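Colleague: I'm new to reading helix packing. Could you walk me through it step by step?

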Amino acid sequence: MWRSYLRLRDGGRRLLNRPPGGPTVFVGLGSNTPSPSRAYAPPAERKRFYQNVSITQGEGGFEINLDHRKLKTPQAKLFTVPSEALAIAVATEWDSQQDTIKFYTMHLTTLCNTSLDNPTQRNKDQLIRAAVKFLDTDTICYRVEEPQTLVELQKNEWDPIIEWAEKRYGIEIGSSTSIMGPSIPARTQEVLVSHLASYNMWALQGIEFVVTQLKSMVLTLGLIDLHLTVEQAVLLSRLEEEYQIQKWGNVEWAHDYELQELRARTAAGALFVHLCSESTTVKHKLLQE
């Protein structure tokens, strides 16, 4: 999935024209410094004010240039990402904007801003604990008792994912029809905390972002481990809603828009995790006849 993304725009090489250093530009992804209690909420739209997007490598990593001005975060920090692959993906977001910059479509940029500014001021352990805590209310662990058709649907679609996670990580998760949810063993949480600790801070921001989209730690693990596709993970997270839509119908445009938005956010989060976990630079091959 993410490798295909890097092939956009001739493999991103057009973006790597290495212009000389210049002034910086703050594009206002969030008009004010956000409250520590929440992440950034970018403004809706803004008229495009640049023509070219490029990437330069600085001392702290890879920087994004809008014309000859360097991009900055909402807290006025230099927008610097740890890998060339991530820089190419972010630059592609900016380069693909038309006459109007639609910030709400730029999920990778927003995730980078969150990682750089850390508006909630959390450390690595706090990020991990916040993600693992979602197990207590994991979507696929809560089951209905009726109607029987939905009971069977949840069992057939969700049980295999839980079984995969239990086998993959050597843990117990289970499911429950109680409003209190299943009782997650302490060892399960300890194992997952240890697993998430292998990721860096940037990747953990992406993991938590995906968890909040899917409302499921188990589905997020399946997606990040490439056991599930984005489409599968999103559908499984919306299983009951899709069941109700099939039964009662829906407002077509609203449902389609919501579904596509969820897919886009989930895909961006998964891509972000992988790009933050890969090597610093992209390996470029010489094309020979």
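Colleague: Which residues of helix α7 (residues 186–196) are buried?

Modeller: Buried means under 20% relative accessible area, exposed means over 50%, and partly exposed is in between (1.4 Å probe, protein chains only). In α7 the buried ones are Thr-188, Leu-192, Val-193, His-195 and Leu-196. Seen down the axis of α7, they fall within an arc of 160°, so they line one face of the helix; the arc is that of the directions from the helix axis to the C-beta atoms. Ala-186, Glu-190 and Ser-194 are exposed on the other side of α7.

Colleague: Before we go on, where do the numbers and helix names come from?

Modeller: This is a predicted model, where local features need pLDDT of at least 70 and side-chain atom pairs count only at pLDDT 80 or more, while totals for chains, interfaces and linings use all residues. Residues are numbered from 1 along each chain as its sequence is written, and side-chain values use heavy atoms, with hydrogens and water left out. Helices (H or I, at least four residues) and strands (E, at least two) are DSSP runs, numbered from the N terminus. The protein has twelve helices and seven strands.

Colleague: What do the buried residues of α7 pack against?

Modeller: Contact means heavy atoms within 4.5 Å. The buried residues of α7 pack against α5 (124–132), α6, α8 (201–214) and α9.

Colleague: At what angle do α5 and α7 cross?

Modeller: Axes are lines fitted to C-alpha atoms, for helices over the stretch in contact, and angles run from 0 to 180 degrees between N-to-C directions. Under 35 degrees counts as roughly parallel, over 145 as roughly antiparallel, 65 to 115 as roughly perpendicular and the rest as oblique. The axes of α5 and α7 come within 10 Å and cross at roughly 135°, so the two helices are oblique to each other. Here Ile-128, Arg-129, Ala-131 and Val-132 of α5 meet Gln-189, Leu-192, Val-193 and Leu-196 of α7.

Colleague: And how do α6 and α9 cross?

Modeller: Helix α6 (residues 148–169) and helix α9 (residues 217–224) have axes that come within 10 Å and cross at roughly 70°. That makes α6 roughly perpendicular to α9. Ile-161, Trp-164, Ala-165 and Tyr-169 in α6 meet Val-218, Leu-219, Leu-221 and Gly-222 in α9.

Colleague: How much of the whole protein is buried?

Modeller: Buried residues make up 48% of the 289 residues.
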